[in-house]
Amino acid sequence: HGLRVTPTSEGSSVQWAIPSGKRNAVLLEWLSVRVGQVSGAAADDIFVQIRNGATWSAEIPVAAHGIVAQPLSFCIDLCFGAFTANHMGTVRVPLGALGAHDDVTAVRVKFRSDTLSKSFILDNLELSEGIFQE
């Protein structure tokens, strides 16, 4: 299951609290967000932030680190069976880009400009170590 979000005002956000005892992310490398766009023309004004102690980081654009998955329309049997499939993808933002992260109390996803009145699905949010790559 995912959280469906349709932002209606500039700076709308979804925020997650980080539990006590899990807030020191110094040894971690990534903030991963699983997101997909459900409606509207492609939008890329989605931002992430962390709150370290009492201070919010700068807003980092998700699009600078990956692509927000878009819905795909399929046509079967000359479009008599047309349907649209919603997709999600994981975007990984380096924690270092968000500044200090030794007391991460919250993470938020903010919506601005071209995201307003469009729908998105947010799923996983994860602070993680290195990513296996070949």
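Read from the N terminus, the order is β-β-β-β-β-β-β-β-β-β-β.

Before you click on, note that this is a predicted model, where local features need pLDDT of at least 70, side-chain atom pairs count only at pLDDT 80 or more, and totals for chains, interfaces and linings use all residues. Residues are numbered from 1 along each chain as its sequence is written, and side-chain values use heavy atoms, with hydrogens and water left out.

**Stop 1: the whole protein**

Show the surface. The protein exposes about 7600 Å², and carbon and sulfur atoms supply 52% of that area. Accessible areas come from the Shrake-Rupley method with a 1.4 Å probe; for residues, only the protein chains shown count as cover.

Now look inside. Of the 134 residues, 36% are buried. Buried means under 20% relative accessible area, exposed means over 50%, and partly exposed lies in between (1.4 Å probe, protein chains only).

Turn to contacts (heavy atoms within 4.5 Å). Take those between residues at least 6 apart in sequence: 81% of them join residues at least 24 apart.

**Stop 2**

The structure holds four salt bridges. Each is a side-chain nitrogen of Lys or Arg within 4 Å of a carboxyl oxygen of Asp or Glu.

Select Arg112 and Glu10. Their side chains meet in a salt bridge, 3.1 Å from N to O. Arg112 lies in the loop between β10 (104-111) and β11 (120-128), and Glu10 in the loop between β1 (3-5) and β2 (12-17), so the pair ties together parts that are 102 residues apart in sequence. Arg112 is partly exposed at 22% relative accessibility. Glu10 is partly exposed too, at 46%.

**Stop 3: Asp123 and Arg34**

Next, select Asp123 and Arg34. Here a salt bridge joins the two side chains at 3.2 Å, N to O. Asp123 is in strand β11 and Arg34 in strand β3 (residues 30-37), so distant parts of the chain are linked, 89 residues apart. Are these residues buried or partly exposed? Asp123 is partly exposed, at 27% relative accessibility. Arg34 is partly exposed, at 29%.

**Stop 4: Glu59 and Lys110**

Select Glu59 and Lys110. Their salt bridge spans 3.0 Å, N to O. Glu59 sits in the loop between β5 (55-56) and β6 (60-61), while Lys110 is in strand β10, 51 residues apart. Glu59 is partly exposed, with a relative accessible area of 25%. Lys110 is buried, at 12%.

Salt bridges that share partners join Glu10, Glu59, Lys110 and Arg112 into one network.

**Stop 5: the rings**

How many aromatic pairs does the count come to? The count is one. Rings of Phe, Tyr and Trp (its six-membered ring) pair if their centres lie within 6.5 Å; planes under 30 degrees apart count as stacked, over 60 as edge-to-face and the rest as tilted.

Select Phe111 and Phe120. Their ring centres are 5.4 Å apart and their planes stand at 35 degrees, so the pair is tilted. Phe111 is buried, at 0% relative accessibility. Phe120 is buried as well, with a relative accessible area of 0%.

**Last stop: Arg108 and Trp56**

Finally, select Arg108 and Trp56. The charged end of Arg108 sits over the ring of Trp56, 3.7 Å from its centre. The rule asks for NZ of Lys or CZ of Arg within 6 Å of the ring centre and within 35 degrees of the ring normal.

Definitions and conventions
Helices (H or I, at least four residues) and strands (E, at least two) are DSSP runs, numbered from the N terminus.
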